[in-house]
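Please keep the sequence and the coordinates at hand while reading.

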Amino acid sequence: MIVCVCNAVRERQIRELVAQSDSRVRMRDLREQLGVCGDCGKCARRARGILRDCADCAGDPVAGHAPAGGFAGIPVTAGTTAAGACAAT
Ligand code: FES
């Protein structure tokens, strides 16, 4: 899914940036490296939500997300993708 129309940035690109980064990715990093929010700024809310989502994620930011600790009765292990939970697009 396109997050930033002005710069044709996809959600997957943001998640890949998070996965490749050794430190926490901030909105400033998205703007500098991908151009997110560099023009009209309408993508800010969605981009911020993705970053928040990645910060809460216990799984692979690119493959998919699951809440830290997993879903009720479904433990999350490294590399686990919880079906239906915030799948990367
Ligand atoms: S939609 Fe991202 S800057 Fe316009």
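A residue is called buried if 20 or more other C-beta atoms lie within 10 Å of its own, exposed if 12 or fewer, and partly exposed in between, the C-beta atoms being placed from the backbone. With 11 C-beta neighbours inside 10 Å, A8 therefore counts as exposed. The model is a predicted one, in which local features need pLDDT of at least 70 and side-chain atom pairs count only at pLDDT 80 or more, while totals for chains, interfaces and linings use all residues. Residues are numbered from 1 along each chain as its sequence is written.

The confidence of the prediction comes next. The term pLDDT denotes the predictor's confidence in each residue, on a scale from 0 to 100. The protein has an average pLDDT of 79, and 66% of the residues score at least 70. Over residues 76-89 the pLDDT stays under 50, and for this stretch the model has 34 contacts beyond four places in sequence; a contact requires that the C-beta atoms of two residues, placed from the backbone, lie within 7 Å. Where pLDDT is low, the predicted coordinates should not be read in detail.

The secondary structure is given by DSSP runs numbered from the N terminus, with helices (H or I) of at least four residues and strands (E) of at least two. The protein has three helices and two strands, and along the sequence they follow the pattern β-β-α-α-α. Of the 89 residues in the protein, 29% are buried. Among contacts between residues at least 6 apart in sequence, 40% join residues at least 24 apart.

An α-helix has 3.6 residues a turn, so residues three or four places apart point the same way. Q20 also belongs to helix 1, but Q20 counts as exposed because it has 10 C-beta neighbours inside 10 Å. The C-alpha atom of Q20 is separated by 9.8 Å from that of V62, which is 42 residues away along the chain.

How is helix 1 placed against helix 2? Helix 1 (residues 11-20) and helix 2 (residues 27-34) pack at an angle of about 110 degrees, with their axes 11 Å apart. Axes here are lines fitted to C-alpha atoms, for helices over the stretch in contact, and angles run from 0 to 180 degrees between N-to-C directions. Helix 1 and helix 2 are therefore roughly perpendicular to each other; angles under 35 degrees count as roughly parallel, over 145 as roughly antiparallel, 65 to 115 as roughly perpendicular and the rest as oblique. Their crossing is right-handed, where right-handed means that the near helix is turned clockwise from the far one by less than a right angle, and left-handed anticlockwise. Q13, I14 and L17 of helix 1 make the contact with L30, Q33 and L34 of helix 2. These residues comprise four nonpolar, two polar and no charged; Ala, Val, Leu, Ile, Met, Phe, Trp, Tyr, Cys and Pro count as nonpolar, Asp, Glu, Lys and Arg as charged, and the others, Gly among them, as polar. Q13 counts as buried because it has 20 C-beta neighbours inside 10 Å. Q13 and L30 are 17 residues apart in sequence, and their C-alpha atoms are 9.7 Å apart in space.

Helix 1 also packs against helix 3, at an angle of about 40 degrees and with the axes 10 Å apart. Helix 1 and helix 3 are therefore oblique to each other, and the crossing is right-handed. In this contact, E11, I14, R15 and V18 of helix 1 meet A47, I50 and C54 of helix 3. The residues divide into five nonpolar, no polar and two charged.

Most residues other than glycine have a negative phi, and most peptide bonds are trans. A8, although not a glycine, has a positive phi of about 50 degrees, and A8 is placed in the loop between strand 1 and strand 2. From A8 to V36, 28 residues away in sequence, the C-alpha to C-alpha distance is 8.8 Å. C37 is not a glycine either, yet C37 has a positive phi of about 70 degrees. C37 is located in the loop between helix 2 and helix 3, and C37 is buried, with 22 other C-beta atoms within 10 Å.
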